[in-house]
Every structure is written in structure tokens, then in C-alpha cells.
Amino acid sequence: MLQIGDEVYFSAVFLLVLFGTRSAIGASAVTASIYVFIVMFRFPQVPADQASQVLRPTGLASAGVPVVAHRAGGHDAPENTIAAIREASRNGATGVELDLGFTADGEAVLMHDETVDRTTNGTGAVGALRLAELRTLDATGKHRLGEKFKGERVPTLQEAVEECINHQLTIFFDVKDQPDKMRQADPGVVTALTHRPWSLSRYGDGTPRSLSAWTNYWLGVLDVLLDWAHHHLLWNLCGVSAILMQKDFISLSPLPSSIPLYRDYVQYWAERGVEVVGWTINTAVDKQYYQDVLKISYITDSLREDCEPHY
């Protein structure tokens, strides 16, 4: 099924192919093939009332918008730990964002990096360690509150889920490897896309990824294509219920150049049945803006104080 505004983009594809091939039949065939591919292989969106149970849970605090603790609140406690989940609940979070990793013996654990070096007192790849070996590590790593939480262990997925249920927290799982398998395993899972424009050519702080101007130019071209794909293709193909957008690209105006004709970024996605969630919102001023002006969910590293964001 075509979504609002999609006829414009299919028309653009038709005209581009027509210009390149000078064949109306060829242009029609390519455009029709793309449309049929999307219709046949796309995952349908989860029903809105089901998605809202995750994205807009009832019983919110006075702020009125859902607040999700990034890596379970990695500024307030060691990230991706049971202690962080408990702190997030205590500080008023409605949900937590957790990262999944897998041990050498196939156990799902909470871990953001591919290695344990940054967040524990150990070294090596997560996938090269067995669960029993991982359990011997101190998960406080070099955390600023390491002494307070000393001895915290890397939790398994099951332990984390049980803790979240105990505190009535919704869970945003960051699945970095083959995320489409989530919908294949269970079409009822509420899913989202995470996006930061210019992520291929620039780091989170804006500095170029390459010293070569030529390389950065082509990475920039790929960034434009990736941005277009997120806003016009991938969300529809994957049937997502939300898009997690880096905060610097969310405002009432202006919009990214790839989505003209829409005054409001949040409205743009609302017309497609998709919620916008901002990340990472780490200052009181930004949080107030999300609560009072945008009125949308946000992800934060700290529910206690201002801090620098993780990208």
C-alpha cells in the first residue's frame, strides 16, 4: 500500500529512469518492480494500540512524556547493569534502553561494546568469553561511581528482563546484528529505526571520519542516500512503529532537506503512524523542550543532572 506522499517519490524514480534510459516501458518496469518488492517483502506495522502500550505507557509522571534511560542510565550507574535499572526506576524513568551481546557459549548478556575492556575490569571480546568467565568481571569498569557500585556483575538478558518487569519498565533493546530477525521471529514485536544524519561521514561530535576530502565527499553522498532511505523506504519496508533520531535533527523547523513540504518533523512521522523518540537528551533545557513543546519521548543518560551525551 502506498503511504502519504509516496506517489511523489515513485514518480521521481520513474522520471530519473526515464531520463537515463529514454524508455517509458523500462522506467515503468523499474518503478513497478520497486513497488512490488516493497509490497511483497515489507513487514506490516504493529497495530497502533499495541505499539502505544510500549511507546506511550500509561501512568506517566507529571512530565507527561515517556523518559527512557540510555544503557539503563549510564551516567547515574554503571551502564547495562541491574544497578542501573534500579537507579533508572528510582529516578523516574518509564523505560530503559539496553544493549545485547552474546557470549562464546551463546548466552545473551547486556553489553554495548564488542569487547569488555571499557565497561569491566577485564579484556577481550564478549563473543570470545564464556558466561562463567564474564561473571567473574566487575561491571563497574572505569565508571565515575565505581566505588559505590563495586562488584556489580554483567547481567544476563533474563535477569535484566525480570528486573525491568519488577519495576514496570518498558524495554528498548538495541539489536545491532541482523535486527530484521526480530520481526521474523515475532511480527508482533514493536520495532524502531535508529538514525543520525551524516553518520557515515562524521563522528557524533561533527568531526570528519576521514582526513581525505575526496573520501568525505563520497561518504557525504552516501549519507544523503541513507537519510532518504530512512525517511522514505526503510521505515515502510521494516514496518517500524518509531524512529529514534539524534536530538540535533529534531525541531519544529527546518526539516532535513530530504523531506520538504512538511512544517513539522514530528507531524511528518505522525502522518505515517510512526512515533519520534529523541536521543540523547542530557540537559534540563532540552528535556523541558521535549516535554512542553515537542511533547515526545526522549532517551537520556541521566535522570538526575546535566551531562555530556554518548553518541
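Q: In this predicted model, which residues does A77 touch, not counting residues up to four places away in sequence?
A: A77 lies in the loop between β1 and α4. Neighbours up to four places away in sequence are not counted here. What remains is A83, A84, E87, H143 and F149.

Q: Is A77 buried or exposed?
A: Buried means under 20% relative accessible area. The relative accessible area of A77 is 0%. A77 is therefore buried.

Q: How many Å apart in space are A77 and S302, C-alpha to C-alpha?
A: In sequence, 225 residues separate A77 and S302. In space, their C-alpha atoms are apart by 9.0 Å.

Q: What share of the chain's contacts with a separation of 6 or more comes from residues 24 or more positions apart?
A: A contact means heavy atoms within 4.5 Å. Take the contacts in the chain with a separation of 6 or more. Residues 24 or more positions apart account for 62%.

Q: How many helices and strands are in the chain?
A: The chain has 311 residues, and 44% of them count as buried. Its elements are 10 helices and 8 strands.

Q: Why is strand β2 described as largely enclosed by the rest of the structure?
A: Strand β2 covers residues 95–102. It is largely enclosed because, of its 8 residues, the number buried is 6.

Q: Which strand joins β2 through 5 bridges?
A: Strand β1 pairs with β2 in the parallel sense over 2 bridges, and V68 stands opposite G95 there. Strand β3 runs antiparallel to β2, with 3 bridges. The partner with 5 bridges runs parallel to β2, and its I171 stands opposite V96. That strand is β4.

Q: In β7, which residue is the bridge partner of L244?
A: Strand β7 is mostly covered, with 4 of its 5 residues buried. Strand β6 runs parallel to β7, and 5 bridges join them. The bridge partner of L244 is V277.

Q: Which backbone oxygen does the side chain of T120 reach?
A: T120 is found in the loop between β3 and α5. At 3% relative accessibility, T120 counts as buried. A polar atom of its side chain also lies 3.0 Å from the backbone nitrogen of G122. The backbone oxygen, reached at 2.7 Å, belongs to V116.

Q: Which side chain makes a polar contact with the side chain of H231?
A: H231 is found in helix α8. It counts as buried, at 1% relative accessibility. At 2.9 Å, its side chain makes a polar contact with that of Y265.

Q: How many residues apart are R118 and E79, which meet in a salt bridge?
A: The N to O distance of this salt bridge is 2.8 Å. The pair links distant parts of the chain: R118 is in the loop between β3 and α5, and E79 in the loop between β1 and α4. Their separation in residues is 39.

Q: Of R118 and E79, which is buried?
A: Buried means under 20% relative accessible area. R118 has 36% relative accessibility, so it counts as partly exposed. E79 has 10%, so the buried residue is E79.

Q: Which parts of the chain does the salt bridge between R135 and E159 tie together?
A: The side chains of R135 and E159 meet at 2.5 Å, N to O. The pair ties together parts that are 24 residues apart in sequence, because R135 and E159 lie, in turn, in the loop between α5 and α6 and in helix α6.

Q: Which residues make the nonpolar surface patch of about 260 Å²?
A: One member is found in the loop between β5 and α8. The patch is made by L200, L222 and L225.

Key
Residues are numbered from 1 along each chain as its sequence is written. This is a predicted model: local features need pLDDT of at least 70, side-chain atom pairs count only at pLDDT 80 or more; totals for chains, interfaces and linings use all residues. Side-chain values use heavy atoms; hydrogens and water are left out. Patches are made of residues with over 30% relative accessible area and no salt bridge: like charges are joined within 9 Å, nonpolar side chains (Val, Leu, Ile, Met, Phe, Trp, Tyr) within 5 Å. Accessible areas come from the Shrake-Rupley method with a 1.4 Å probe; for residues, only the protein chains shown count as cover. A salt bridge is a side-chain nitrogen of Lys or Arg within 4 Å of a carboxyl oxygen of Asp or Glu. Buried means under 20% relative accessible area, exposed over 50%, partly exposed in between (1.4 Å probe, protein chains only). A polar contact is a pair of N or O atoms within 3.5 Å; within protein, one must be able to donate a hydrogen and the other to accept it, and residues adjacent in sequence count only if both atoms are side-chain atoms. Two strands pair if DSSP finds at least two bridges between them.
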